[in-house]
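Student: Hi, I have a structure open and would like to talk it through. Could you help me find my way around?
Tutor: Happy to, let's have a look together.

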Amino acid sequence: MLSNESFRKQAHQVVDWIADYLENIQQYPVKPTMTPGALRAQLPAEAPVDGEDMDKIWEDYLNLIVPGITHWQHPGFMALFPSNASYPGILGELAVAGLGINAMMWDTSPSATELEQTVMEWLRKASGLPEGFTGVIHDTASMSTLTAIITARERISSFAVNNGGYHGYENLVMYCTAQTHYSIEKGAKAAGIGAAHVRKIPTDALYAMNPTALEQQINADIAAGLQPFMVVATLGTTSTLAFDPLESIAEICVANHLWLHVDAAYAGSGFFLPQYRHYLKGITKADSYVFNAHKWLFTNFDCSCYFVKDTDLLINTFSANPDYLKRTEADVAQFKDWGIPLGRRFRALKLWFVLRNFGIAGIQQKLQAHIDLSVHFRNTIQHDAQWELMAPHVMNMLCIRYHPSSINDIQTLNELNMSLLKKINSDGRFYLSGTMVEGNYLIRVVIGQTNVDQAHVDALISLMQASVADITK
Ligand SMILES: *Cc1c(COP(=O)(O)O)cnc(C)c1O
């Protein structure tokens, strides 16, 4: 075991290493070239019986672990969605590790609860959400959405499912689209709704939910004796960043008394910029909303911001007050009752550090810079008629496809783009990901890592051109 004195020494070295790592991160390939099982083969099958020296453990970390890391903070990380860190975010995580608290309720750290309430209110205002929503931090959007599904289930059943199980409520159905994130279906399974009771409403040409089709499906389900209870609208889908038409969907939900949950896991950060807030029209009629500050808001994973209108309903769904958790103060929030886990990390601190150190204007500038870079990228590749834009360009994400006029067969085209993506990624300076949308294979380019700049984007464009030349020669 480390003494306090050796901890202090080691900790300074770790912080120095973190600073060096981030300064030199571009020396690493964004994605490691590791074969499955390679690390496990190098690690002992049993934990050591006698404690080992921290120096030795750290050395193994550098030699064995780091080579198998995907470098999410590398500016060439343009795959999936970013999971941004930042200096204030890291400092927040370090300070929380030092405190080592469990923020389950007010008594177990009053500051943690009250700071969480404060920063969530800051976030609500800064990201264009109306009054009437109250925030709580969960780990992931998946968990926030599961919380919403269970609360909606308890609203429609007047807590009958919580109390007596599913008897009489086997016919609940909910709605989303085929473009909706998989976490919604997963949540429906976990909440006992059943994947077969998740209706995938058809989308329009821009991959957004067709509200007429939604209404028709709801009516058909009611006619068939089913019980619609919830719609999940996505603002910024994962494949193409499509925005479901919130206002029309909200009206249908109000007319049919359906819970409306809004999944803005990625794009929610973009609403710090007022020019995108038209997508939020109708939000006052929603019941719950989630966005991840750990994606595009420079706050280290994990930090999922869940906003809900009816906090009493939420608390009545999840509260449990065994004798050993009796509260000492009557009128304080007990966040253990706002979701599934009892134990909670103190996530508000890093968010507080980030919001204060960047400032709202600083965050807006960073987001706008990413968006400007994506415009630069699009303008440049559009000079080459063989690159197609496959979905509307909103915020900082582009869905593109290489399409030489000589190729018309979709299968050949998909395979060409898969090989192209592989070729681009094999260079090591960039990591892009692909997706399949309605039979078309697309390459996604998300320009959103905290420190990405124009030199990176220009290097990517050159690499793409070279990769095309290489695989088509
Ligand atoms: C990333 C994402 C999710 C899942 O987020 P987790 O926090 O990893 O659970 C859900 N929905 C959308 C739209 C996303 O982009």
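Student: Let's start with Thr-234: buried or exposed?
Tutor: Thr-234 is buried, with a relative accessible area of 2%. Buried means under 20% relative accessible area, exposed means over 50%, and partly exposed is in between, using a 1.4 Å probe and protein chains only. Before we go on, this is a predicted model, where local features need pLDDT of at least 70, side-chain atom pairs count only at pLDDT 80 or more, and totals for chains, interfaces and linings use all residues. Residues are numbered from 1 along each chain as its sequence is written, and side-chain values use heavy atoms, with hydrogens and water left out.

Student: Where does Thr-234 sit, and which residues does it touch?
Tutor: Thr-234 is in strand S4, residues 227-234. Helices (H or I, at least four residues) and strands (E, at least two) are DSSP runs, numbered from the N terminus. Not counting residues up to four places away in sequence, Thr-234 touches Thr-180, Ala-242, Phe-243, Asp-244 and Asp-263. Contact here means heavy atoms within 4.5 Å.

Student: Which residues are closest to the ligand?
Tutor: Ala-141, Ser-142, Asp-263, Asn-292 and Lys-295 are the closest of the 13 residues that surround the ligand. A residue counts as near a molecule or strand if one of its heavy atoms lies within 4 Å of it. Helix H5 (141-156) and helix H10 (293-296) each supply at least two residues of that shell.

Student: What are the polar distances to the ligand's oxygen atoms?
Tutor: A polar side-chain atom of Ser-142 lies 2.5 Å from a ligand oxygen. For Ala-141, a polar backbone atom is 2.7 Å from an oxygen of the ligand. An N or O atom in the Lys-295 side chain is 2.8 Å from a ligand oxygen. The ligand on its own has 390 Å² of accessible area, and the protein covers 87% of that. Those areas come from the Shrake-Rupley method with a 1.4 Å probe; for residues, only the protein chains shown count as cover.

Student: New topic: how many disulfides are there?
Tutor: The search of the whole structure finds 0. A disulfide is a pair of cysteine sulfur atoms within 2.5 Å.

Student: Last one: which residues of H3 are buried?
Tutor: Pro-88, Gly-89, Ile-90, Gly-92, Glu-93 and Val-96 are buried in H3. Their cover includes helix H1 (4-23) and helix H12 (348-381). After H3 comes Gly-100, whose phi is positive, near 60 degrees.

How values were computed:
A polar contact is a pair of N or O atoms within 3.5 Å; within protein, one must be able to donate a hydrogen and the other to accept it, and residues adjacent in sequence count only if both atoms are side-chain atoms.
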